[in-house]
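The sequence and the structure are shown first, and the sections after them take up selected features in turn.

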Amino acid sequence: MIRRILVVDNDRFCVRIVDEFLSQAGYEVVRAYDGMEAMEAMERELPDAVLLDIVMPKIDGDRLFRYMRANARTRHIPVVVLSGTLVEDRERLLVMGADAYVAKGRRDDMRQNILAALERLDHPPAQPPPVLGLESAMTRELVKELLAIKRHKEAILQAVGEGVVEADGRQRVLYLNPTALTILGRPELELIGSPVTEILTSHHQATLQQIVARFLARAGTKTEAVSLRFRDLVLRIGLTGVVPHDPEGGFFLILQDITDLSRKIVELSTLNTRLQEMERARSEFLAMISHDLHTPLTAITGSLEVLLRENLRTEQGRELLGIAQKHADRLFRMVSDILDLARIEAGRFSIRCGPFDVVDALRVAMDRLRRSAQEKEITLTLSAPDGIAPVYADGLRMEQVINNLLGNALKFTPPGGRISVTVGELATELLVGVEDTGMGVPEEHRDRIFDRFYRVPLPAGMEVEGTGLGLSICKAIVEEHGGRIWVESAVPRGSTFAFTLPKGSPAS
Ligand code: ADP
């Protein structure tokens, strides 16, 4: 038996006259002037039926209807739609699936139709719900236009990439667009009506309260956005008033997902730090190179001067020539590295490939180093399976890589150590490893040592000749061949520098 009716309409006049004639007919009426008030009224006590207007500010009729149907407490309550736009919006309203529809119209007609609809709720026929009051209603073009504008605005809100959450003057959620729901990851009906400061986690509540307080303190003008972390997202949150300068009118909370942007900013700042470090390394390099060029040149010119002046053909003469040659070699290496670097930087670094026997080249390079290794009492070993086919590579450039890796291993391995070179075959590549028992490369420097000019700071008092360019050139050469180069290291047990080269001929 239907007795208690909740009448929901923002048109106060309409609510009053409906209340009057329903009371006269013996019904008990509860009034609500928007969707939010209706929800509150239903929280307090459930009505037997709801008379519901559709076009309302705040939570409109169809959203309230969906809310009621999704909620176990209110699902069974019959709803009579009482709408002033039933003629213009008939098709959309009928698919809602309300229990009856009454078009707003003249007072007497409306009274009769509402009472008839309520009557039928008590004895529902097995027919589709009645639509009452349409006979006397006429389609109004202006209303149609207004409805179209409303729908257009809704479509925009549905489409925007920012999350939009509307809250009323008491900071309760009235509306969320799909982006906001995706960001928040919670069902719409769970969020509608809840305090807007609770839409994230309890951990974020204080921050949201501050944002709202700032908005209220500025009398409802737009606030500066605040960034915060929410789950694995970075959000930018700002508020803007629904009615300018009237905080009572509620606000829109705009949620911007800036996770990608903030990741890019972190990447850029890391890159920037790296660039600054490279710039610093470049200046240090210039200072070092001018010193390093000066020292061997002084030694060479000094030796040659004495030779010319004294015309020495003795033991002392040979010694001076030896000094000149050693320093000239060092100069030559340095100048070659710098020229290579200049070519790489100018994008003029190219390779000329032909058949290249890696194992053979390793053997020759190791033979050349054997004397220096013996002087340092370092054992040099090579292990390679038989029958490794030549690869297609630039022989001179690859020798440069091999010499550099072996030279480094020798430089950074203390006397009595071991350098073991291995060659292995992967599915499509050859793998060369140069393992030493040297000082190793600390983890934080491992990917940096392939940057140009980068050198790991040496322990106080230790000096090792070098420019910091060798590995960056090796990397450019190996990658130009389509291979990879990397280091594995355990401090202080040693390092393994490894590189790969694609197998096969150019045709393959
Ligand atoms: P250079 O040897 O001229 O300094 P590289 O580019 O060849 O320049 O090497 C860069 C840095 O990498 C070296 O200064 C050193 O700190 C580190 N490094 C290279 N090879 C080894 C190695 N085998 N053991 C330990 N550290 C190494």
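Is Ala100 buried or exposed? Ala100 is buried, because its relative accessible area is 2%, a value under the 20% that marks a buried residue. The model described here is a predicted one.

## Ala100 and its strand

Ala100 belongs to strand β5, which covers residues 100–103. Its C-alpha atom is separated by 6.3 Å from that of Ala117, a residue 17 positions away along the chain.

## The ligand and its surroundings

An N or O atom in the side chain of Asn408 is 2.8 Å from a ligand oxygen. The backbone also takes part: a polar backbone atom of Val456 is 3.0 Å from an oxygen atom of the ligand, and a polar backbone atom of Gly468 is likewise 3.0 Å from a ligand oxygen. On its own the ligand has 530 Å² of accessible area, of which the protein covers 97%.

## Aromatic and charge–ring pairs

The structure holds two aromatic pairs.

Arg12 lies over the face of Tyr33, at 3.8 Å from the ring centre.

Glu377 has a phi of about 55° and is placed in the loop between α12 (358–375) and β13 (379–383). Because its relative accessibility is 60%, Glu377 counts as exposed. Phe453 has a phi near 70° and is found in the loop between β16 (429–436) and α14. Its relative accessible area is 8%, so Phe453 is buried.

The backbone has a further feature at Val491 and Pro492, which are joined by a cis peptide bond with omega of about 0°. Pro492 sits in the loop between β17 (485–490) and β18.

Which strand holds Ser489? Ser489 is placed in strand β17. With a relative accessibility of 15%, Ser489 counts as buried.

The side chain of Ser489 has contacts with the backbone at two residues. It reaches the backbone nitrogen of Val441 at 2.8 Å, and the side chain of Ser489 also reaches the backbone oxygen of Gly494 at 3.0 Å.

## Two loop residues

Pro414 is placed in the loop between α13 and β15 (418–425). At 44% relative accessibility, Pro414 counts as partly exposed, because the value falls between the 20% limit for buried residues and the 50% limit for exposed ones. The C-alpha atom of Pro414 is separated by 8.0 Å from that of Ile378, although the two residues are 36 positions apart along the chain.

His203 occupies the loop between α8 (188–191) and α9. Its relative accessible area is 66%, so His203 is exposed. Between the C-alpha atoms of His203 and Phe230 the separation is 9.6 Å, and these residues are 27 positions apart along the chain.

Note on methods: Residues are numbered from 1 along each chain as its sequence is written. This is a predicted model: local features need pLDDT of at least 70, side-chain atom pairs count only at pLDDT 80 or more; totals for chains, interfaces and linings use all residues. Side-chain values use heavy atoms; hydrogens and water are left out. A polar contact is a pair of N or O atoms within 3.5 Å; within protein, one must be able to donate a hydrogen and the other to accept it, and residues adjacent in sequence count only if both atoms are side-chain atoms. Accessible areas come from the Shrake-Rupley method with a 1.4 Å probe; for residues, only the protein chains shown count as cover. Rings of Phe, Tyr and Trp (its six-membered ring) pair if their centres lie within 6.5 Å; planes under 30 degrees apart count as stacked, over 60 as edge-to-face and the rest as tilted. A charge sits over a ring if NZ of Lys or CZ of Arg is within 6 Å of the ring centre and within 35 degrees of the ring normal. Helices (H or I, at least four residues) and strands (E, at least two) are DSSP runs, numbered from the N terminus. Buried means under 20% relative accessible area, exposed over 50%, partly exposed in between (1.4 Å probe, protein chains only).
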